[in-house]
Amino acid sequence: MTTPLGVLDLVPISSGSTARAALRNSIDLAQHAERLGYTRYWFAEHHLNPGVAGTSPAVLLALTAAETTTIRLGSGAVQMGHRTALATVEEFGLLDAVHPGRFDLGLGRSSGKPRDASSPVPATARTLSNARTSNGLLIPAHFDPRPLLKSPRFALQKALLQLPGAESQNYTEQVDDILALIADTYSADGEVAHVVPGAGADLQIWILGSSGGESAVAAGRRGLRFATNYHVAPASVLEAADAYRAAFRPSAELDRPYVAVSADVVVAQDEPTARELATGYGLWVRSIRTGEGAIAFPTHDEARAHNWTDAERELVADRVDTQFVGSATQVADQLQLLRDAIEADELIVTTITHDHRDRVRSYQLLAEEWARR
């Protein structure tokens with residue numbers, strides 16, 4: 001059976017374009033993805049980025065659900081660091097009330113209050129750094145996010161997203177509260193909370209995580225689906241999958257671990273064309289890694305005009321080196337390596353190009369090639 005393919009969409013804004021056009025493009029891409037046989041379509045949540053319009057997954061999902069009919073839709077992921085369990089269940093309960101059984105609720109920790117260190121990441125023989133797995137998948141050196149997290153933009157984002165004096169709830173507790181609210185079993189001080197709509201919602205719950213830390217352990221111990229991202233944190237993707245499986249306990253939802261893994265891809269009719277389409281990717285990643293926020297995705301000429309320093313090239317190397325770029329055959333081969341190295345049950349692909357038509361074509365070529373395998 002062919003491994004299912006899904007889509008992760010940031011709602012990217014191209015240089016010279018607008019957020020309105022980006023939203024229209026994303027809905028159009030979701031419609032194409034549905035016709036092409038993609039299993040699910042997820043929206044990420046990002047804030048204060050000039051080149052990313054995906055700020056509210058629930059709103060995007062409502063708009064997209066109205067324009068599609070069968071493809072599963074979800075959040076990849078809702079950032080729980082500035083949210084409450086109740087607000088999240090209410091939002092997705094509303095979505096499920098209108099379009100029952102179509103939504104995935106993907107939960108991300110996103111700088112939430114850390115848990116204690118009682119569950120260390122399990123040691124694994126598959127822990128690599130700047131090396132390749134036995135089947136040839138590149139595992140680059142770790143990127144240190146601490147300077148990025150200390151940037152003024154991140155401080156401003158936190159200040160604007162959270163109420164004054166508010167403190168993020170422990171993430172694992174949030175997950176438990178969400179599960180209880182959906183199951184209609186939540187109570188505190190003898191008072192039972194009934195979420196309408198939300199209690200009993202037909203949602204598929206996913207935990208998203210970039211390492212073998214709290215998210216992976218929380219997903220495993222609760223028998224939930226887990227998605228890890230080769231496209232954001234390729235250095236720790238093996239660690240994340242292994243920690244999840246080590247912590248897994250069967251649940252009413254799953255009797256065995258279930259893992260999806262994401263990858264950045266650009267597909268064209270041949271490798272030179274695909275490389276041309278991916279020209280702006282490094283500059284776009286640079287804007288994220290320097291703390292200025294994702295820029296509008298540059299044109300080929302804008303990207304080539306940038307005068308790169310050695311330090312900047314090193315800053316983005318792990319992301320650029322692990323982007324799968326080429327013909328449909330070449331990219332599908334790389335996705336198979338990723339799937340087999342992670343032992344993944346699903347693959348989630350994300351593609352950003354300057355021209356929307358090239359982006360749609362990339363997904364089309366990949367879907368056609370994947371269906372032949």
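Modeller: Let us begin with Leu238, which has its place in helix α8. Please keep in mind that this is a predicted model. Leu238 has a relative accessibility of 3% and therefore counts as buried, since the cut-off for that word is under 20%.

Helix α8 covers residues 237-247, and its axis comes within 7 Å of the axis of helix α7, residues 214-221. The two axes cross at roughly 35 degrees, and the crossing is right-handed. On the α7 side, the residues in contact are Ala216, Val217, Ala219, Gly220 and Arg221. On the α8 side, they are Ala240, Ala243, Tyr244 and Ala247. Sorted by class, this contact holds 7 nonpolar residues, 1 polar residue and 1 charged residue.

The axes of helix α10 (residues 281-289) and helix α12 (residues 310-321) come within 9 Å, and they cross at roughly 110 degrees. An angle from 65 to 115 degrees counts as roughly perpendicular, so this is how α10 stands to α12. The crossing of α10 and α12 is right-handed. From α10, the contact draws on Tyr281, Gly282, Trp284, Val285, Arg286 and Arg289, while α12 supplies Glu312, Leu315, Val316, Asp318, Arg319 and Val320. By class, the contact between α10 and α12 has 6 nonpolar, 1 polar and 5 charged residues.

Some of these charged residues deserve a further look. Side chains of opposite charge can pair when their charged atoms come close. Arg286 forms a salt bridge with Glu292, and their closest N and O atoms are 3.1 Å apart. Arg286 is buried, because its relative accessible area is 17%. Glu292, with a relative accessible area of 41%, is partly exposed. Asp318 and Arg289 also meet in a salt bridge, at 2.9 Å from N to O. This pair links distant parts of the chain: Asp318 belongs to helix α12 and Arg289 to helix α10, 29 residues apart. Both Asp318 and Arg289 are buried. Elsewhere, salt bridges with shared partners join Arg40, Arg72, Asp104 and Glu346 into one network.

Glu346 forms a salt bridge with Arg40, with 2.7 Å between the closest N and O atoms. Glu346 is in strand β14 (residues 346-350) and Arg40 is in strand β2 (residues 40-43), so the pair links distant parts of the chain, 306 residues apart. Glu346 is buried, as its relative accessible area is 1%. Arg40 is likewise buried, at 4%. The count of salt bridges in the model comes to 22.

Most residues other than glycine have a negative phi, and most peptide bonds are trans. A cis peptide bond joins Gly76 and Ala77, with omega at about 15 degrees. Ala77 lies in the loop between β3 (72-75) and β4 (78-79). The peptide bond from Val196 to Pro197 is also cis, and its omega is near -10 degrees. Pro197 is in the loop between β9 (191-192) and β10 (204-209).

Two further loop residues have a positive phi. Val11 is not a glycine, yet its phi is near 55 degrees. Val11 is found in the loop between β1 (5-9) and α1 (19-36), and at 0% relative accessibility Val11 counts as buried. Leu48, again not a glycine, has a phi of about 55 degrees. The loop between β2 and α2 (57-65) contains Leu48. With a relative accessible area of 39%, Leu48 is partly exposed.

How values were computed: Residues numbered from 1 in each chain as written. Predicted model: local features only at pLDDT ≥ 70, side-chain atom pairs only at ≥ 80, totals over all residues. Heavy atoms only, no water. Axes fitted to C-alpha atoms, helices over the stretch in contact; angles between N-to-C directions. Helix = DSSP H or I, 4+ residues; strand = E, 2+ residues; numbered from the N terminus. Parallel < 35°, antiparallel > 145°, perpendicular 65-115°, else oblique. Left-handed = near helix turned anticlockwise from the far one by under 90°. Contact = heavy atoms within 4.5 Å. Nonpolar A, V, L, I, M, F, W, Y, C, P; charged D, E, K, R; others polar. Salt bridge = Lys/Arg side-chain N within 4 Å of Asp/Glu carboxyl O. Buried < 20%, exposed > 50% of the residue type's maximum accessible area, 1.4 Å probe, protein only.
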